Structure formats: structure tokens, C-alpha cells
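Here is a short briefing on one protein chain. Keep the sequence and the 3D view open as you read.

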Amino acid sequence: PGPAAAMASPAASPDSSHEGPASAPAGSPTSDSENLSPDELELLAKLEEQNRLLEADSKSMRSMNGSRRNSGSSLVSSSSASSNLSHLEEDTWILWGRIVNEWDEWRKKKEKLLKELIRKGIPHHFRAIVWQLLSSATELPVKQQYSELLKMSSPCEKLIRRDIARTYPEHEFFKGQDSLGQEVLFNVMKAYSLVDREVGYCQGSAFIVGLLLMQMPEEEAFCVFVRLMQEYRLRELFKPSMAELGLCIYQFEFLLQEQLPELNVHFRSQSFLTSMYASSWFLTLFLTTFPLPVATRVFDIFMYEGLEIVFRVGLALLQLNQAELVQLDMEGYFQKVIPHQFDSCPDKLILRAFQVKYNPKKMKRLEKEYAAIKNKEMEEQIEIKRLRTENRLLKQRIETLEKESAALADRLIQVLQSFLSPFFPVFPPFLPPPP
């Protein structure tokens, strides 16, 4: 795909007002940057500078809008920052255009640099094509079936209709029952429920599809969602049993206990279960937790690195809020305070997330532990079911034997009466009738 496709403005962008500037200090490394060349580190430093200028520009504009006492010098500094920013934005635009056009080479030969660039945030005009490339959804055969799927009916249609109005209710693209956003969201969710009847429709998945639709047309959004379900563990999360969600919560609890023991004890003392706050993190990838500009930055990384970023961001959130959480009402804090902490500085959250200790081998061991626990539970349930079945069969056998015994007793009485009646013709039968 050429840069023209990449630069096509989406129908609606979650960060159309402002990308959400970053506040990480220039040159702050993330986990893999120490392996980059000097030229690549210089490029990342430029991006850090762009983020810093974005934040300065944003603060300056807020100051100008909120006060009538701005001096001429502040206007000059703002103009200077904007000028520097425009040059950096142009550099970024050229860079991502090159990445898109040379995608295979970047994936094979510049993987570390690409990872770092994605962690800095994909420019929103490039997100549509980059997300499709990252998920390998550009040439998915199921795209050809999409229009036919829309002509079919799905048993999930009523459920989908019910939830659509509650998906991004404040976003202009999805406002109103007859809005274009609600119409295309319904189409994609319905089409997926038909290609994957085991999962069908699961509440929460609409937020992911909604974000995709803010970036790209519905056919492309459908293909990317199919790939996310197939290759990013999402299908296992959304299955009716939600077994994968149980595993994620189990793994997250271990990380919490290991890295934030004091907070873990506090949560337990308050009966504040991990599932009560973390389930939505995994099911909606923070799209119902953060404002869209922040959540979209997390989603950029998810598209390249998978569910690991959910564990990292979740732990980073708890680390950054530990002091308050051990003293306050947790549920209210999670709903009112945390969502707006990173509106102007998503890089602070991303940076902390990649400082979280995350050991893939340990997570694999936890996966095996969890599978063993679930297998044991299943074996116990099977044994209980077998014993119940055996008990029911024994009861049926006892009832049958009792009936057979009663029938034999009745037959024996009849035989005795017929045998004794010639000898006692004047006496009534001395044996009582069978019960």
C-alpha cells in the first residue's frame, strides 16, 4: 500500500481534538532502546522532543484561553514552539510514510526501532494502514464474504442492537440511533457473529470494533477484528466460558502479589477482587478506562506486542496510585480518578508500564499452574457427576427391586389362599390383602 492510503483521513478519529501530549524526559529509554544504533536513538530523541513540544504547546494554548493577562513574549514562545513542532511533525510524517512503503523490510530488519516508534505512538493519520499491516489483515479472504454476511440474519442481532447505544455514547460518530457509527458498528458485530458462531457476540468487543471504525471503513475494520480474535488471544477471552479471562486474572493476581504485596493485602482485606477492576482491562483493552487518546496509545502497542501490554499498564496504574489506593474507597477511585490521570501525558503511563517486571517464562509457568488447577477442578466435577449418576441409578434399582418384591409377595399370598381355601371353606381368608 502506498502513502496515499496511509494518509487518508479516517471518518472519525478518537484523538481528532488532540493526540494527548507526552511528558517523558528526552532520551528516556524503554526496554529495548539500549540495543539501537546512534542514528536510531537520535530519531527517538526527536520524537521525544516532538512529544515535549506538543505538551508545551497544549499547556500554552490552555493558558492563553484561560487568562487575559498573557504578555507578548508568551505569544512569541508559543509561536516558536509551534514552528519547531511543525518541522518535527513533517519529519514524523515522512518517516511513517517510509515505514508503510517499506513495511516488509522494517518488520524483518528494523524490528527493534519499529517497536520503539510504535511505543511512542503511531500518528493518527497512519493508524488505519499500520494496524492493518501489524495484524496482517490487508488481504484476508473473509473480506470478500462481508457483503454477503450482511444479507444474512444472526441470532445475536437483538443483543447487538441493545448494546450499541452504550458503546461510546459521547462520541460524535456514534451519537444517535440512526448515526453512521451505530449502523456500521452493528454491521461488523453481526458479520462476526455469523463467521464465528461459537463466540457469536460478547459485550465488550464492540468497544474494540468501535475504535477500529474510528480509523477505517467497516470492511477493513471487520478484517482487523477477525485477525485480533484469531491471533491475539481475544477469541479465547470472549468465548462463552471466558476461561482465558480466568487465566489472565490468575496471572495478574500473581504479579500484584509479587510486586505490590501491601496493596494486594489491602485489596483482600476490603474484599476488592481483582476481577472487579481488571476484567474490563482485558476485555476492552482499557477503552472503557481511559479517554480515547490515552487508550489508543495503549492499543497501538497491543497491536504489535499483544496482551502483555495490558498486564504492564495495569501494574503501572496500580504502582502509580498505590499510596492513594491503600487509604481510599477503591471502586470510586477506579471509576472517577484513574481515567483522567493521563489525559495530558500518556507517555508517563507507557514509560512506567515498560518498567514493570514481566517475565514471559514465569507467565507461561502460571498458565500451566492455572491449567492444572482447572483440570483438577474438572476431574472433581466429573467424579461428583459420576457419583451422582451412580447414586441415581442405585435409587432406580432399589425402586425396581421394591416393586418386584411387592409383586412376588402379592403372588405368594394368592397362591397360599388358593391352596388353603378347600380346607377352610367357611372362614374368610386369614391373610391380609397385599399392601
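Leu285 counts as buried, at 2% relative accessibility, because the cut-off for buried is under 20%. Its phi is near 55°, a positive value in a residue other than glycine. Leu285 sits in the loop between helix H15 (274–284) and H16. Bear in mind that this is a predicted model.

- Ser136 lies in the loop between H6 and helix H7 (146–151).
- Is Ser136 buried, partly exposed or exposed?
- Ser136 is partly exposed, because its relative accessible area of 45% falls between the 20% and 50% cut-offs.

**The whole protein**
- The protein has 20 helices and zero strands.
- Of its 435 residues, 46% count as buried.
- Take the contacts between residues at least 6 apart in sequence: 78% of them join residues at least 24 apart.

**Helix H6: enclosed**
- H6 covers residues 127–134, and eight of its eight residues are buried, so the helix is largely enclosed by the rest of the structure.
- The buried residues of H6 include Ile129, Val130, Trp131, Leu133 and Leu134.
- Arg127 and Gln132 are buried in H6 too.
- Just after H6 comes Ser136, with its positive phi of about 55°.

- Which residues of helix H8 (residues 157–164) are buried?
- They are Ile160, Asp163 and Ile164.
- Seen down the axis of H8, these buried residues fall within an arc of 105°, so they line one face of the helix.
- An α-helix has 3.6 residues a turn, so residues three or four places apart point the same way.
- The buried residues of H8 pack against H9.
- The face of H8 turned away from the buried side carries Lys158 and Arg161, which are exposed.

**Helices H9 and H11: an oblique pair**
- Two packed helices are described by the angle between their axes and the distance between the axes.
- The axes of H9 (residues 180–195) and H11 (residues 218–231) come within 10 Å and cross at roughly 40°.
- That angle makes H9 oblique to H11.
- The crossing of H9 and H11 is right-handed.
- On the H9 side, the contact is made by Val184, Asn187, Val188, Ala191, Tyr192 and Val195.
- On the H11 side, it is made by Glu218, Phe222, Phe225, Val226 and Met229.
- How do the residues of this contact of H9 with H11 divide into nonpolar, polar and charged?
- There are nine nonpolar, one polar and one charged.

**Helices H10 and H16: a perpendicular pair**
- The axes of H10 (residues 205–213) and H16 (residues 292–305) come within 12 Å and cross at roughly 95°.
- That angle makes H10 roughly perpendicular to H16.
- Ile208, Leu211 and Leu212 in H10 meet Leu292, Thr296 and Phe299 in H16.
- The residues of the contact of H10 with H16 divide into five nonpolar, one polar and no charged.

Notes:
Residues are numbered from 1 along each chain as its sequence is written. This is a predicted model: local features need pLDDT of at least 70, side-chain atom pairs count only at pLDDT 80 or more; totals for chains, interfaces and linings use all residues. Side-chain values use heavy atoms; hydrogens and water are left out. Axes are lines fitted to C-alpha atoms, for helices over the stretch in contact, and angles run from 0 to 180 degrees between N-to-C directions. Helices (H or I, at least four residues) and strands (E, at least two) are DSSP runs, numbered from the N terminus. Angles under 35 degrees count as roughly parallel, over 145 as roughly antiparallel, 65 to 115 as roughly perpendicular and the rest as oblique. A crossing is left-handed if the near helix is turned anticlockwise from the far one by less than a right angle, and right-handed if clockwise. Contact means heavy atoms within 4.5 Å. Ala, Val, Leu, Ile, Met, Phe, Trp, Tyr, Cys and Pro count as nonpolar, Asp, Glu, Lys and Arg as charged, and the others, Gly among them, as polar. Buried means under 20% relative accessible area, exposed over 50%, partly exposed in between (1.4 Å probe, protein chains only). The arc is that of the directions from the helix axis to the C-beta atoms.
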